[in-house]
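Me: Hi! Could you walk me through this one? I'll ask as I go.

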Protein chains: 2
Amino acid sequence: MISAKIITIGDELLIGQVIDTNSAWLAEKLNELGVEVKQRTAVGDDREMIFHALDTLLPDTRLVILTGGLGPTRDDITKKTLAEYFGMELTFHEETLRHITEIFNRLGREVNELNASQAWLPSGCIPLKNWYGTAPGMQFERNGVHYFSLPGVPYEMKALFENYIRPFVAEKLLPDTQILHAVFHTQGIPESILAKRIEAWELQLPPQIKLAYLPSAGAVRLRLTARGSKNEPLEELLKAEGEKLKQLLGVDLYAEGDEPLEKVIGQLLKSSGKTLALAESCTGGYIAHLITSVPGSSAYFMGGIVSYDYVAKEVTLGVHHSDILQYGAVSSQVVLQMAEGAKRVFGTDYALSASGIAGPDGGTDEKPVGTVWIGISTPHQTRAYLYRFGNDRMRNIRKTALAALDLLRRALTGASLDDIKSPDLKEIVVQNATHQNA
Amino acid sequence: MISAKIITIGDELLIGQVIDTNSAWLAEKLNELGVEVKQRTAVGDDREMIFHALDTLLPDTRLVILTGGLGPTRDDITKKTLAEYFGMELTFHEETLRHITEIFNRLGREVNELNASQAWLPSGCIPLKNWYGTAPGMQFERNGVHYFSLPGVPYEMKALFENYIRPFVAEKLLPDTQILHAVFHTQGIPESILAKRIEAWELQLPPQIKLAYLPSAGAVRLRLTARGSKNEPLEELLKAEGEKLKQLLGVDLYAEGDEPLEKVIGQLLKSSGKTLALAESCTGGYIAHLITSVPGSSAYFMGGIVSYDYVAKEVTLGVHHSDILQYGAVSSQVVLQMAEGAKRVFGTDYALSASGIAGPDGGTDEKPVGTVWIGISTPHQTRAYLYRFGNDRMRNIRKTALAALDLLRRALTGASLDDIKSPDLKEIVVQNATHQNA
């Protein structure tokens, strides 16, 4: 097994104003390729700390990937630091200037000095063409260790990885190691309850298979990783353990692999030829955003109404004014009418609705911050679910969206709409669509 | 100046399935406090690598913050690894069990063995109460270096930082160092054009002040950092340089400090007593999500319609069927009518609309992926802007939202709606509201 180090460069990482998504992405891709990332470190735009990061490789490290610090501005020093580290001069690279000029011409703009300076590269490096930007990548080799320096802009970095590093690893570094992953997604069950449920199974796992919990707001992913040599029957082993786990998870499993819930729902709607509409209050368009982040969602998502204001709920969704007055906007009555209103306005088979107090203000003793009613209208019935989430606005929005999407998933797969395990769920109101007078 | 190391622990970080937002947050807070984060590293749930991370501190490191690996499940080994590292036994901590039991009682649940095991802590550590979860934090000290181990769940980690580490740094570690930041936000100008515009100013900056570019999709933040001792007049220095920079940025500066665009707009709407509605197609609810992520947005945001389907545009927004047929859904005619429709339906002063081809499919020769029309309707006029963004769906959605919000900011501040610098902007159509027959 080969090990790798990821070094992300940029003062912004140490000051915390930018979140390092690059190294997570790189780590995931390297793992898929069978390269183990043992070191992941972030340093500032600082010659000494970049040197330090390059000097503290583990003995078995054969691949080093650096990202960031290649921009045209004065604070970016990665290129000249690498030149110094490898004892190289900067030399002018004609082809890179041509590429930079092409990019600028395509945008109808002039190449300025700063951009042109990006064509000066360390003499002994292999320049790597950056399709989407002006900062080229660079490849170095010393004592059997391979170094790749990539720009920090995520889509530029990703393209360079796919075009250069992936084939390089496959052809030059790929060890006789097999790594397989299987991921199982659950929603609405806390980690500790889940752990208890699958404890006996976990204890009997063969040594080649490791389990990891990946919790996030309202959801827990379980990842099985199988590691071994190429002649081991890892796929069978992983499949067998995955089947046992699926039995234990039952209907609480909502997806396998890398599918987010919104994609699972998209597939279910698409394959059944059904359509969806939304009526959102406290989630403020977030459910619609999740649904429409899936390419091709226009096939089944007709639209949604973000009815933030009382009047908007009445005018656009036909919620009864008297019900808002009597029961409040956060009530089963209102989310039931919102769901049916959305279904009617957009002419769909299904609709979801949500109305709640996301926080930080607006809570009362009776309806504290975190109180959310979620509505679902299917071709057969309309239901409302009362949840009590927490105090954090963004987490409440996220949890509401996931709970709503999971209800839809259950409806689309024919699973029970009564047997929901979330400890946040407090009440269910069921109503047949035909009884609805909205 | 004191230096710190952040160690984030968890296999998920090295496999890349979880993005490390904790260390960005910690780095930002530590910097504000005047602590320089020189090392930031991520390791797996692996005894040896945790030891390695603890053993490779820089000579001037006096603060080490570890996050993650404190969960109740078997793959979390931080606690026992720290006990071994500091040569301590695990002992039962009565008060922690009481706290865990309280949390579970409040949720109406039973404490299981796994949760109870979290009350066993290294004998020589100071336990730190975790208000929002069952895994306590831990504080250690050895040879003048202070170690804090915090849970990986972000809101639990943040509360522990605020309650224990912030006061500890202020009282015990705070050096005679002043660090001040000023952040300036721009939208729609590429980094290299910006760099050229402010180059002369950047070169004359005093040595105490450093400039950093923080680019993200469609926006560039400029951060000035002033460092020095407490008796230096850094505030005046920073203010003076900030003023010069603001002159150079002019109306392209949309905010100072840590304000996202959606918050700036919220303040502008609130202070002027004006209201907003949205009509979104290609952004699919994302603009509404941004607007409603700001607490208190219900004061000025009345609602929005996500009209993903053609029929939805006609029925809910009153877009003329004949115009959709003649010009297509991605056209100036349609976004103009969408904006005015939203204003009418929700009865607001302003409305934004967007219709485009986010991708990856749906592009044509005439309207390739990335083609987006944005509409804005003010009390005086309605305008449509044609943008050509790129090929990436999520970036197109994000860029469209930012461009739309920036148009609204300009309208609300009385800035020119003609002088937009973005190289992606291709055409502007202006129409007086009174000429609109929708």
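Reply: Happy to! Among contacts in chain A between residues at least 6 apart in sequence, 69% join residues at least 24 apart; contact here is heavy atoms within 4.5 Å. This is a predicted model, where local features need pLDDT of at least 70, side-chain atom pairs count only at pLDDT 80 or more, and totals for chains, interfaces and linings use all residues. Residues are numbered from 1 along each chain as its sequence is written, chains are lettered from A, and side-chain values use heavy atoms, with hydrogens and water left out.

Me: How many helices and strands are there in chain A?

Reply: Chain A has 15 helices and 18 strands. These are DSSP runs numbered from the N terminus: helices are H or I with at least four residues, strands are E with at least two. Along the principal axes, the C-alpha atoms of chain A fill a box of roughly 80 × 60 × 40 Å.

Me: And what share of chain A is buried?

Reply: Buried residues are 61% of the 438 in chain A. Buried means under 20% relative accessible area, exposed over 50%, and partly exposed in between, with a 1.4 Å probe and protein chains only.

Me: Switching to chain B: how far does α5 reach?

Reply: Helix α5 of chain B covers residues 94–106, and its 13 residues reach 19 Å from first C-alpha to last. That is close to the 18 Å expected at 1.5 Å a residue, where the expected span is 1.5 Å times one less than the number of residues.

Me: Which residues are buried in α5(B)?

Reply: B:T96, B:H99, B:I100, B:I103 and B:F104 are buried there. Down the axis of α5(B), the buried residues fall within an arc of 135 degrees, so they line one face of the helix; the arc is taken from the directions from the helix axis to the C-beta atoms. In general, an α-helix has 3.6 residues a turn, so residues three or four places apart point the same way.

Me: What is exposed on the other side of α5(B)?

Reply: B:E95, B:N105 and B:R106 are exposed on that side.

Me: What do the buried residues of α5(B) pack against?

Reply: They pack against α8 (191–203) of chain A, together with α6 (113–116) and β5 (120–122) of chain B. Just after α5(B), B:G108 takes a positive phi of about 70 degrees.

Me: Let's do the interface, then. How many residues does the contact take from each chain?

Reply: There are 87 residues from chain B and 88 residues from chain A in the contact. The two chains bury about 7,400 Å² between them, 56% of it on carbon and sulfur atoms; buried area is the accessible area (1.4 Å probe) that two parts lose on being put together, summed over both.

Me: How many salt bridges between chain B and chain A?

Reply: The count is four, with a salt bridge being a side-chain nitrogen of Lys or Arg within 4 Å of a carboxyl oxygen of Asp or Glu. A:K196 and B:E113 meet in a salt bridge at 3.6 Å, N to O.
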